[in-house]
Amino acid sequence: MKRTNSIGRFFVQHRRLLLFLLLPLSGCVAGLVLYTTLSTVLPTEWMALLPLKPITGGFAGACGQWFASCFQPLCLLILLFIAGLSACGMPLLIVIPVFWGIGLGMSEAYYAANGVSGWLVLAAVLLPHAIMELVAILMGCSEAMRMTVLVTVQLFPRSARCGGLWQDFRLYVIRFLLLAALLLGAGVLDVMLRLLLGGLL
């Protein structure tokens, strides 16, 4: 009984993050379905984006891969930051994690279709840094939701909390900078794994 209460308390306390977790998971499922049904008709250029490539070109190649690995999630994080500053940002907070999940789901489907070697790449190279990205995206969604609610409250007349968002904004910026640092770290992990396990790719 006590364990059931603690589990219920956990879900209540973290319901916002758990709700956001459903969005990338649903995106992953959509990505799997898209790859399964459309892999034969998708443009070759799109399909070429799915496989992970080993790093060549020494230090310059590693830096280029680090930039490429960080670019998309950082752009999504910036969109989350902007959405949190708007009273109309809620739709973006739903679309962004789903979009991220679709990309991951298609990559997962590509490697799962390649048998045991594909599963090894998926588990050893793709998922470790993807999990770090997922944590940053989910925390960014949660923070942006908190901020957009505060901004929306300002629009209501006779609001109990009108003005005085400077401290909240400073905390908002600091948290997003920390999330950006986490994404940069995920890019470093991606590069290191490709250097160490390039033979699997």
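Residues are numbered from 1 along each chain as its sequence is written, and side-chain values use heavy atoms, with hydrogens and water left out. Because this is a predicted model, local features need pLDDT of at least 70 and side-chain atom pairs count only at pLDDT 80 or more, while totals for chains, interfaces and linings use all residues.

**Two helix pairs**

Helices here are DSSP runs (H or I, at least four residues), numbered from the N terminus. Axes are lines fitted to C-alpha atoms over the stretch in contact, and angles run from 0 to 180 degrees between N-to-C directions.

| Pair | Angle | Axis separation |
|---|---|---|
| Helix 5 and helix 6 | about 175 degrees | 10 Å apart |
| Helix 4 and helix 6 | roughly 15 degrees | within 7 Å |

The angle of about 175 degrees between helix 5 (residues 90-112) and helix 6 (residues 116-153) makes helix 5 roughly antiparallel to helix 6 (over 145 degrees). Their contact has 18 nonpolar, three polar and two charged residues. Ala, Val, Leu, Ile, Met, Phe, Trp, Tyr, Cys and Pro count as nonpolar, Asp, Glu, Lys and Arg as charged, and the others, Gly among them, as polar.

With axes crossing at roughly 15 degrees, helix 4 is roughly parallel to helix 6 (under 35 degrees). By class, the contact divides into eleven nonpolar, five polar and one charged.

**The nonpolar core**

A nonpolar core is a set of buried Ala, Val, Leu, Ile, Met, Phe, Trp, Tyr and Cys residues joined through side-chain atoms within 4.5 Å, where buried means under 20% relative accessible area with a 1.4 Å probe, protein chains only. The largest one has 34 residues, and Leu-77 and Leu-80 have the most contacts inside it. Helix 2, helix 4, helix 5, helix 6 and helix 7 each supply at least two residues of this core. Helix 6 gives the most, with 14 residues.

Beyond its neighbours within four places in sequence, Leu-80 is in contact with residues including Leu-93, Ile-96, Tyr-172 and Phe-176.

**A cysteine in helix 2**

Cys-28 lies in helix 2. Cys-28 counts as buried because its relative accessibility is 11%. Setting aside neighbours within four places in sequence, Cys-28 is in contact with Gly-101, Ile-102, Leu-104, Gly-105 and Glu-108. Cys-28 and Trp-100 are 72 residues apart in sequence and 8.2 Å apart in space, C-alpha to C-alpha.

Definitions and conventions. Angles under 35 degrees count as roughly parallel, over 145 as roughly antiparallel, 65 to 115 as roughly perpendicular and the rest as oblique. Buried means under 20% relative accessible area, exposed over 50%, partly exposed in between (1.4 Å probe, protein chains only). Contact means heavy atoms within 4.5 Å.
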